[in-house]
Amino acid sequence: MRFKYSSKSSIGPDAPSVVGFAWLIRALDAGRDVSSLALITHEGRCGRCGRLLTVPASVACGIGPECAGKMGFDLSGFAEHADVAAVLDPMTYCFAGSARFTVTSRKTGTRFTYHVRRAKGEDESRPWFARVLTGSDNENDYEFFGTVFPK
Ligand SMILES: [Zn+2]
């Protein structure tokens, strides 16, 4: 995966939210375990379709039962997970299709909430559009800042 900042964004390329996102993509793409550096939590909605999560195993992993089925994802192992909002597999969750998640630095406590939505279609080469929460309405106050391309 490759992140490309958009110069059309009102958020600067050096903004901590952009730099942090670029770091996350590089780390995940390299297959690194980021859990000791950052806590990634979902916002209570399915990472693929954005619907509200209600089933405990889905709340635990961030993917609803229907979407888990479509993704070939086994929910059964997540039922007993204690830290309910933590995303267990960031690579799966963050790029599931319509994921809202918060990344919190374990070192500084700095946090940003992102919405990463994939372009419509079936083509595997289609990109994801990355937006960051900039206001108090965590459903709508997102600003576009860049695109993630599959390799
Ligand atoms: Zn879903």
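A nonpolar core is a set of buried Ala, Val, Leu, Ile, Met, Phe, Trp, Tyr and Cys residues joined through C-beta atoms within 7 Å. A residue counts as buried if 20 or more other C-beta atoms lie within 10 Å of its own, with C-beta atoms placed from the backbone.

The model is predicted: local features need pLDDT of at least 70, side-chain atom pairs count only at pLDDT 80 or more, and totals for chains, interfaces and linings use all residues. Residues are numbered from 1 along each chain as its sequence is written.

**View 1. The nonpolar core.** The largest nonpolar core has 29 residues, and Ile63, Tyr93, Phe101, Tyr114, Val116 and Ala130 are those with the most contacts inside it. At least two residues of this core come from each of α1 (16-29), α2 (56-61), α3, α4, β3 (98-105), β4 (111-118), β5 (128-133) and β6 (142-149). Helices (H or I, at least four residues) and strands (E, at least two) are DSSP runs, numbered from the N terminus.

**View 2. The surroundings of Ala130.** Neighbours within four places in sequence left aside, Ala130 is in contact with Phe21, Tyr114, Val116, Phe145, Gly146, Thr147 and Val148. Contact requires C-beta atoms, placed from the backbone, within 7 Å.

**View 3. Phe78 in its loop.** Phe78 lies in the loop between α3 (65-71) and α4 (90-94). Phe78 is buried because 21 other C-beta atoms lie within 10 Å. A separation of 24 Å divides the C-alpha atoms of Phe78 and Ser105, which are 27 residues apart along the chain.

**View 4. The chain as context.** The chain contains four helices and six strands, in the sequence pattern β-α-β-α-α-α-β-β-β-β. Of its 151 residues, 27% count as buried.

Key:
Buried ≥ 20, exposed ≤ 12 C-beta atoms within 10 Å, placed from the backbone. Contact = placed C-beta atoms within 7 Å.
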